[in-house]
Amino acid sequence: MKGRFYIVGVGPGDPELLTLKAVRLLQRCPVWLTPKAKKAGAGTALSIVQGVVPSGDKEILTHYFPMKKIHADRRPAPDVEEAWQKAAVLVIDRLNSGKDVVFPTLGDPSIYSTGFYVCQTLFDIDPEIHVEIVPGVSSMEASAAAAGLPLCLGDDRMVVIPAIFENGYLREMLLTFDTVVLMKVHRVMDRLVPLLVELDLLKNAVLVERSSQEKQRIYRDLAALSEKEMHYFSTVIVRRS
Ligand SMILES: C[S@@+](CC[C@H](N)C(=O)[O-])C[C@H]1O[C@@H](n2cnc3c(N)ncnc32)[C@H](O)[C@@H]1O
């Protein structure tokens, strides 16, 4: 019998935010395909799970996925697609030999996770593959909790967007929604802060860096950050009310 592929959200960093189901699947699956965003090092998802589940007897396939802009209506850069293909080949090989494979992914798999691209690539190769997706605590939830903010109340409308896209798009979102969650803000503070000033929203914004992790920091004065490059694990929440 062929193995199964599990895409498992492992939360934003605090191992106590792993679900019981995630822990059980990580314990049970003999193969872990773990993503990393830099060629060197092990990747955050792996370090989160290794704090909870012993990995000595696991086959750990640490796979590099380049981080580049992906537009829904366009093909990604060739090295991005190549990384998905290579990952899918590694997974198919293990599934065909009857082994279950788990893909631990930061936060929740439904929010900007490579897991879904790998999943689609797997289906393109073998539409019969059995895939299960296990939700996790997302970094926006952990960031809101750290900042002591609700994301939505009453008839609020919320949008989640990567801040790497141009300011025109961000302006439109900031003018339309009650809550705007901005991910991938780390390298764009120099243009995000002036935009918040222009829209008189600076006082409504909070940046949470490394939420739920040991080095978590909460910044409420974003003006002081406009010249800074933040950690990649930084999220800005803007609430109108
Ligand atoms: C590729 S997205 C992954 C989101 C993830 N799937 C989730 O559910 O949180 C990466 C972005 O998530 C946010 N992020 C991830 N972990 C974070 C953390 N611990 N604290 C704050 N933001 C985080 C940052 O905005 C980062 O640039």
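Visitor: What makes up the shell around the ligand, by class of residue?

Guide: In this predicted model, the shell holds eight nonpolar, eleven polar and three charged residues. The shell has 22 residues, and the closest to the ligand are G107, S138, S139, M183 and S211. Helix 5 (139–147) and strand 10 (234–239) each supply at least two residues of the shell.

Visitor: How do you know that the ligand lies between domain 1 and domain 2?

Guide: The chain is divided into domain 1 (5–134) and domain 2 (139–239). Both domains give residues to the shell around the ligand, so the ligand lies between them.

Visitor: How many residues does each domain bring to the contact between domain 1 and domain 2?

Guide: The centres of the two domains, taken over C-alpha atoms, are 27 Å apart. Domain 1 brings eight residues to the contact and domain 2 brings ten. On the side of domain 1 that touches domain 2, four residues are nonpolar, two are polar and two are charged.

Visitor: Why does the chain agree with a compact globule?

Guide: A compact globule of 241 residues would have a radius of gyration near 18 Å, and the chain has 19 Å, so the two agree. Along the principal axes, the C-alpha atoms fill a box of roughly 60 × 40 × 40 Å. Of the contacts with a separation of 6 or more, 71% join residues 24 or more positions apart. The secondary structure comes to seven helices and ten strands.

Visitor: What share of the chain is buried, and which residues of the largest nonpolar core touch the most other members?

Guide: Buried residues make up 37% of the 241 residues. The largest nonpolar core has 57 residues, among which V8, V101, F103 and V185 touch the most other members. Helix 3 (residues 78–96) gives the most to this core, with six residues. Domain 1 and domain 2 both give residues to this core, so the core lies between them. In soluble globular proteins, nonpolar side chains tend to be buried together.

Visitor: Which residues does V8 touch?

Guide: Leaving out residues up to four places away in sequence, V8 touches A22, L25, L26, V102, F103, P104, T105, V134 and G136.

Visitor: Why is R210 called buried?

Guide: A residue is buried if 20 or more other C-beta atoms lie within 10 Å of its own. R210 has 22 other C-beta atoms within 10 Å, so R210 is buried. R210 is found in the loop between strand 8 (205–209) and strand 9 (217–219). R210 has a positive phi of about 50°, although it is not a glycine.

Visitor: What makes S212 count as buried?

Guide: S212 has 23 C-beta neighbours inside 10 Å, so S212 counts as buried. S212 is in the loop between strand 8 and strand 9. S212 is not a glycine, yet has a positive phi of about 70°.

Visitor: How do you know that helix 5 is largely enclosed by the rest of the structure?

Guide: Seven of the nine residues of helix 5 are buried, so helix 5 is largely enclosed. The buried residues are S139, M140, E141, A142, S143, A144 and A146. What covers them includes strand 6 (158–162), strand 7 (179–183), strand 8, strand 9 and strand 10.

Visitor: What follows helix 5?

Guide: G148 follows helix 5, and the phi of G148 is positive, near 70°.

Definitions and conventions:
Residues are numbered from 1 along each chain as its sequence is written. This is a predicted model: local features need pLDDT of at least 70, side-chain atom pairs count only at pLDDT 80 or more; totals for chains, interfaces and linings use all residues. A residue is near a molecule or strand if its C-beta atom, placed from the backbone, lies within 6 Å of it. Helices (H or I, at least four residues) and strands (E, at least two) are DSSP runs, numbered from the N terminus. Ala, Val, Leu, Ile, Met, Phe, Trp, Tyr, Cys and Pro count as nonpolar, Asp, Glu, Lys and Arg as charged, and the others, Gly among them, as polar. Domain bounds come from an automatic or database domain assignment. Two residues are in contact if their C-beta atoms, placed from the backbone, lie within 7 Å. The radius of gyration is taken over C-alpha atoms; the globule rule is 2.2 Å times the number of residues to the power 0.38. A residue is buried if 20 or more other C-beta atoms lie within 10 Å of its own, exposed if 12 or fewer, and partly exposed in between; C-beta atoms are placed from the backbone. A nonpolar core is a set of buried Ala, Val, Leu, Ile, Met, Phe, Trp, Tyr and Cys residues joined through C-beta atoms within 7 Å.
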